[in-house]
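I opened the model to look up charge pairs, strand pairing and the contact between domains. My entries follow in the order I made them.

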Amino acid sequence: MASQGWFEKIRERAKAALNKPAPHGPDVDVTQFGDGRTPTSEEAVVAVANKVGVSMGAPAYYIQGDSAYFRYLSRIPGVEVYRVEEFADAYPDLAREYLWRLVPPDLDKYTAVAALRGVGGYVIRVKAGAKVRDPILACLSIVRGGLQAPHNVVIVEEGAEAVVYTGCVIAPEVVGLHVGISEFYVLRGAKLRYIMVHNWTKAAHVRPRTGVLVEEGGEYVGYYANLQEVNSLQTSPRIVLREGARAHATSILLGLGSAQIDVGTTAVLEGDGAAVELTTRALATDRSNITMRALVEAHKLSRGHVECSGLLLSGSANIVTIPQLAAYHQDAMLTHEASIGRLAEEEINYLQAKGFTYEEAVSLLVRGFVTTDIHRYLPEQARRYVESIEKVIVEKAM
């Protein structure tokens with residue numbers, strides 16, 4: 001295990017933040033959720049993992065059920081997959097370099113509970129120069145209920161390229177709190193394509209905490225989609241970009257039932273020539289409430305763009321958008337656009353005049369709404385995967 005003194009300092013910082021609420025989203029009493037460490041059957045975990053397209057037939061994968069079941073391996077040259085505790089034991093110096101560096105343990109009560117009670121999570125390490133074409137798959141599932149707080153780290157070393165899919169899911173009729181800590185390091189000249197799908201239920205509270213560092217000349221492409229009803233979901237990923245680094249982050253938020261969703265990304269442009277695009281599309285149905293946040297801070301000659309678009313599909317739902325720009329360099333170029341509305345009747349009528357039924361016309365328009373420019377930054381296999389996610393979102397939204 002990485003040095004005991006370092007871990008104790010992490011734990012002390014976490015203890016001091018156990019009652020520190022997050023600035024956004026409904027507050028959740030973390031003490032009502034047990035640790036979820038009772039044995040989980042492999043059959044149940046595999047069945048749940050299949051819901052998000054993750055299987056043990058993949059060339060590289062990590063599968064975790066609750067805080068008690070773990071399977072992981074890599075058959076891909078240049079790719080290593082560890083359970084986080086195993087990584088900390090084998091590489092204590094690297095653990096100190098990469099764990100709790102981008103997401104502080106005392107950020108709020110959720111990071112604190114993860115630091116003190118979290119079990120499992122993956123470390124994916126892509127060696128320098130490796131160009132990995134097969135996606136690396138991961139599934140984090142809550143099968144028996146309770147708290148699940150894995151700590152995930154992805155390290156893409158200099159000049160390497162990788163695609164990582166992660167699916168987070170909960171079994172039906174299970175009550176759970178998911179607090180996934182994720183730290184992604186895209187080192188000099190490297191590329192990471194990261195796709196995350198959430199598939200929760202109305203009994204789940206979700207509080208992921210994510211930090212991304214993109215070093216000089218690196219590129220990060222992130223795609224996030226929420227596909228099911230959730231009780232509450234709040235997350236605020238933070239991306240830091242160094243000189244010449246680029247990032248494109250897209251979130252597709254589907255609000256079903258009475259879901260409370262508050263999602264926002266912060267991008268910090270620290271290096272000359274850095275660039276970022278943040279795109280969020282929200283579809284609010286039923287009685288759902290969605291808040292979209294985005295903040296770009298420019299500290300150097302750099303550029304950033306924020307787009308937040310909301311589609312109201314119910315008279316009882318609501319959407320709030322809060323795009324923010326902050327320039328600390330006179331040559332920074334920052335822009336944003338935001339819109340909220342419902343489907344235009346004239347567009348539906350136009351499509352019906354072309355022979356489509358009302359349902360087909362609405363489906364086409366919703367599909368167009370959730371399709372973003374992220375496709376052009378993805379390799380073919382990842383693009384097809386995102387297209388399948390978009391299809392599911394449209395079906396759920398109708």
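How many salt bridges does the structure hold? I counted 18 salt bridges, taking a salt bridge as a side-chain nitrogen of Lys or Arg within 4 Å of a carboxyl oxygen of Asp or Glu. The model is predicted, so I noted the limits: local features need pLDDT of at least 70, side-chain atom pairs count only at pLDDT 80 or more, and totals for chains, interfaces and linings use all residues. Residues are numbered from 1 along each chain as its sequence is written, and side-chain values use heavy atoms, with hydrogens and water left out.

Entry: I looked up R71, which forms a salt bridge with E42; their closest N and O atoms are 3.2 Å apart. R71 sits in strand β2 (residues 69-74) and E42 in helix α2 (residues 42-50), so I logged the pair as linking distant parts of the chain, 29 residues apart. Helices (H or I, at least four residues) and strands (E, at least two) are DSSP runs, numbered from the N terminus.

**Entry: strand pairing.** I then followed β16 (residues 238-241), which runs parallel to β13 (residues 209-214) and is joined to β13 by 4 bridges. Two strands pair if DSSP finds at least two bridges between them. β16 also pairs in the parallel sense with β18 (residues 260-269), over 4 bridges. I checked R238 in β16: its bridge partner is G211, and R238 also stands opposite T266 in β18.

**Entry: the two domains.** The domain assignment gives domain 1 (1-342) and domain 2 (343-397); such bounds come from an automatic or database assignment. I read 26 Å between the C-alpha centres of the two domains. I found 30 residues of domain 1 in contact (heavy atoms within 4.5 Å) with 23 residues of domain 2. The two domains bury about 2,300 Å² between them, 71% of it on carbon and sulfur atoms. Buried area is the accessible area (1.4 Å probe) that two parts lose on being put together, summed over both. Which strand gives the largest share of the side of domain 1 that touches domain 2? I noted β19, with 5 residues. Across this interface I noted 0 salt bridges by the rule.
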